[in-house]
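I opened my notebook to get to know a structure that was new to me. These are my entries, in the order I looked things up.

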Amino acid sequence: MEPASLKQLEKFKPYVVEESDDEIEDIESEPKPHHEEEEEPEIIESDVELDESDVVESDNEPPQKVGDPSIEVTEENRDASQEAKIQAMEAISEGKLEEAIEHLTKAILLNPTSAIMYATRASVYIKMKKPNAAIRDACAALEINPDSAKGYKSRGIARSMLGQWEEAAKDLHLASKLDFDEEISAVLKKVEPKVHKIEEHRRKYDRLRKEREDRKIERERLRRRAEAQAAYEEAKKQEQYTSNRPGGMPGGFPAGMPGGFGGMPGFGGMPAGFGGMPGGSPGGMPGGSPGGMPGGSPGGMPGGMPGNFDFSKILNDPEMMAAFSDPEVMAALQDVMKNPANLAKHQSNPKVAPIIAKMRSKQIILTDASGRVPMKQGIDDSA
């Protein structure tokens, strides 16, 4: 076997791809995809066009007098309250609404536990076009009797007078279920079309707002997708730059493996003991002067490396490179190379066994001190 020449070994020198400043600047200055957020204008809900010719101006008079519903009502007061109510009904029939309010207020103060008294006074306030006063009396009647049909009816009509169409319809439907009459039906015929128009208007704008929100979500999804695609393309480009370097190692293989590898430029050094080549003097190249190549460590590994040793199988395997920097692993390899039979005692070492197995799989051949026994053969024999 002819000794390996310096020229042969230099072909294993890691190749460093130099990037010019212009190339680096071109990469960094490449425009990044920018996706501006397309903000849509806020949806401004228009007013519903309704016929509100029946709506009256809100009355803002002080609240009317009410009784104390917690007091105990005597029979005498109850009878007097009924008498006042009768007088109020006579006044209503004569169109004397203010007088009717006075009689009904007297009836309420005598018997503040009567829901019908409050509901009746509420109906008079409706005739007087005082919807807020009517609503207060109707609510008082419903507090005393939650099933007061007249209470719901009066409040529903009063709310319709204020243009509170949906609330009015709700009260009138409840009154109709409790005690239907023609007046309730007549008011509902005016109220319900307006309620349907309001509901349709609300559904329309709810739909528009939902569509706007859906579009916003879709834009955000597309933006994130574009960013992810850009990141992928950038990573792919960097990977292409890296893969163009021998061994996939940007900038050449880093220095720093203990002991030096014969001072070969770019390698930084293999662990001590890999200096000698077969037939060469310790620490040197075959036929070279003692001490070997500049930077190499003295004292070669027994037997050294043959000329057909492929460094790329090591350089391309980070695990093997890391293992060769471990003195314990190198000591075991030297021991096996001295005597392949010693492999058995290192097979239980979790650091050594995988490296030897990998060397076998990569067909890496190291001879013993005499250059006659390949490590592959020795491993096979000892196994």
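I started with the UniProt annotation "domain: STI1", which comes from an unreviewed entry and covers residues 317-356. UniProt positions are given in the numbering used here, feature names are shortened, and annotations may be inferred rather than shown by experiment. Over residues 317-356 I found 70% helix and 0% strand, with the end C-alpha atoms 13 Å apart.

**Ground rules.** This is a predicted model, in which local features need pLDDT of at least 70 and side-chain atom pairs count only at pLDDT 80 or more, while totals for chains, interfaces and linings use all residues. Residues are numbered from 1 along each chain as its sequence is written, and side-chain values use heavy atoms, with hydrogens and water left out.

**Whole chain.** I noted 15 helices and zero strands for the protein chain; helices (H or I, at least four residues) and strands (E, at least two) are DSSP runs, numbered from the N terminus. Of the 383 residues, 38% count as buried. Buried means under 20% relative accessible area, exposed over 50%, and partly exposed in between (1.4 Å probe, protein chains only). I also looked at contacts (heavy atoms within 4.5 Å): among those with a separation of 6 or more, 64% are between residues 24 or more positions apart.

**Cores.** Which residues have the most contacts inside the largest nonpolar core? They are Val124, Leu172 and Val191, in a core of 33 residues. Such a core is a set of buried Ala, Val, Leu, Ile, Met, Phe, Trp, Tyr and Cys residues joined through side-chain atoms within 4.5 Å. Helices H3 (75-93), H4 (97-110), H5 (115-127), H6 (131-144), H7 (149-161), H8 (165-178) and H9 (182-243) each supply at least two of its residues. H9 gives the most, with six. Apart from this core lies another, of 13 residues, among them Met320, Ala323, Phe324 and Val352.

**H9.** At the N-terminal end of H9, Asp181 is the cap, with a side-chain oxygen 3.1 Å from the backbone nitrogen of Glu183. UniProt (unreviewed entry) places a "coiled-coil region" at residues 198-225. I found that span to be 100% helix, with end C-alpha atoms 40 Å apart.

**Arg121.** Is Arg121 buried or exposed? It counts as buried, at 0% relative accessibility, and its place is in helix H5. Its side chain reaches the backbone oxygen of Lys65 at 2.8 Å. A polar contact of 2.6 Å joins the side chains of Arg121 and Asp137. For that term I noted a pair of N or O atoms within 3.5 Å; within protein, one must be able to donate a hydrogen and the other to accept it, and residues adjacent in sequence count only if both atoms are side-chain atoms.

**Lys129.** I finished in the loop between H5 and H6, the place of Lys129. Most residues other than glycine have a negative phi. Lys129 has a positive one of about 60° although it is not a glycine. Lys129 is exposed, with a relative accessible area of 54%.
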